[in-house]
Amino acid sequence: MTIGKRFIYVCAGFLLATISLITVAAEPSLYIYSTIDALLAGAYDGDLTVKELSTKGNFGLGTYNHLDGEMVIHAGVIYHVRSDGSVSVADPSDRVPLAYVVPFQPTETFSVESASTLPTIEALADQHISNKNMFYAIEIKGSLTTISTRAIAAQSKPYRPLAEVSKTQAVFNRDSVSGTLVGIRSPSLSKGISVPGYHWHFISDDKKYGGHVLSAELAKGVAKLALVRRLEIELPATEAFASADQDKDRGAELRTVEGAKH
């Protein structure tokens, strides 16, 4: 082999390695701030700002400090749904105790053609999931015949556990509304960090209605799935997180807080 050919092969190998590294680096990561168990225990204050969170992705969900309402992240906009039912674009300086956000890169699309409740939608989505031990982001745009959402009012210290606080949640019911279900599907292995199974928030097309989804029936819609293999987990450097009891099995509390899906 001549020196010239050897040089070409070395350069080609270097280029392939560089392309491979770029491909790996470009793969989206699900950014997780804090843990669901910390929130269940009453850790309602974080040190992450909405502005900082916005750099992590354009799709996801969470809540705000003091448990002040629900967060819906869609198409790069972070919405704040409050307990009075109002919806606004979040203030960049607002802080966050829990969030899940990802650069949304769909890997599969399917249609929902007939009236479907949340369990039916989830069962249909599971048919399109090749590996149930992975995380998925799922967007469903469509028309809903009915939907029930909730938001919780800002809490004051000393904070009570979420299972207690959720008893005072504000529930909003709507019929015939179009919008987007923003979902994160977490595998069972994530318990304690995320909500195993599907976790849904909603934002209407007119941006006047939303929240954490308790129940819904979709007339028809289009679903997009994004498989996520990489995680970035950041734990709050706060006293609230440090003192949160995360040794306790909070599965029963989580089921109560999430609400029965129908």
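Select Tyr159 to begin: this residue is buried, with a relative accessible area of 18%, where buried means under 20% relative accessible area, exposed over 50% and partly exposed in between (1.4 Å probe, protein chains only). The model is a predicted one, in which local features need pLDDT of at least 70 and side-chain atom pairs count only at pLDDT 80 or more, while totals for chains, interfaces and linings use all residues. Residues are numbered from 1 along each chain as its sequence is written, and side-chain values use heavy atoms, with hydrogens and water left out.

**Aromatic pairs**

Four aromatic pairs are present in the structure. Rings of Phe, Tyr and Trp (its six-membered ring) pair if their centres lie within 6.5 Å; planes under 30 degrees apart count as stacked, over 60 as edge-to-face and the rest as tilted. Tyr44 lies in the loop between α2 (36–40) and β2 (48–49), and Tyr159 in the loop between β11 and α5 (162–165), so the pair ties together parts that are 115 residues apart in sequence. Helices (H or I, at least four residues) and strands (E, at least two) are DSSP runs, numbered from the N terminus. Tyr44 is buried, with a relative accessible area of 0%.

Next, select Phe59 and Phe104. Their ring centres are 4.4 Å apart and the planes are at 15 degrees, so this pair is stacked. Phe59 belongs to strand β3 and Phe104 to the loop between β8 (98–102) and β9 (108–112), so the pair ties together parts 45 residues apart in sequence. Both Phe59 and Phe104 are buried.

**Backbone features**

Return to the loop between β11 and α5, where Pro158 is found. A cis peptide bond joins Lys157 to Pro158, with omega at about 0 degrees.

Select Leu67 in the loop between β3 and β4. Its phi is near 65 degrees, a positive value in a residue other than glycine. Leu67 is buried, at a relative accessible area of 4%. Lys207, in the loop between β13 (197–204) and β14 (210–228), also has a positive phi, near 60 degrees. Lys207 is partly exposed, with a relative accessible area of 34%.

**Salt bridges**

The structure has eight salt bridges, a salt bridge being a side-chain nitrogen of Lys or Arg within 4 Å of a carboxyl oxygen of Asp or Glu. Select Lys56 and Glu232, whose closest N and O atoms are 3.1 Å apart in a salt bridge. The pair links distant parts of the chain, 176 residues apart: Lys56 is in the loop between α3 (50–53) and β3 (59–63), and Glu232 is in strand β15. Lys56 is partly exposed at 26% relative accessibility, and Glu232 is partly exposed at 34%.

Now select Glu70 and Arg150, whose side chains form a salt bridge (3.2 Å, N to O). Glu70 lies in strand β4 (residues 70–74) and Arg150 in strand β11 (residues 135–151), 80 residues apart. Glu70 is buried at 7% relative accessibility, and Arg150 is buried at 4%.

A further stop is Glu253, which forms a salt bridge with Lys248, the closest N and O atoms being 3.1 Å apart. Glu253 is buried, with a relative accessible area of 13%, whereas Lys248 is partly exposed at 43%. Select also Glu27, Arg229 and Arg230, which are linked in a network of salt bridges.

**Nonpolar cores and a surface patch**

The largest nonpolar core has 32 residues, and those with the most contacts inside it are Leu30, Ile36, Tyr100 and Leu162. Such a core is a set of buried Ala, Val, Leu, Ile, Met, Phe, Trp, Tyr and Cys residues joined through side-chain atoms within 4.5 Å. Select Ile36: leaving aside neighbours within four places in sequence, its contacts include Leu98, Tyr100, Ile193, Val195 and Leu254. Contact means heavy atoms within 4.5 Å. A second, separate core of 24 residues includes Val177, Tyr198, Ala223 and Leu225.

Finally, select Ile233 in strand β15 (residues 230–234). Ile233 is partly exposed at 41% relative accessibility. Leu231, Ile233 and Leu235 form a nonpolar patch on the surface, with about 250 Å² of accessible area together. Patches are made of residues with over 30% relative accessible area and no salt bridge: like charges are joined within 9 Å, nonpolar side chains (Val, Leu, Ile, Met, Phe, Trp, Tyr) within 5 Å. Accessible areas come from the Shrake-Rupley method with a 1.4 Å probe; for residues, only the protein chains shown count as cover.
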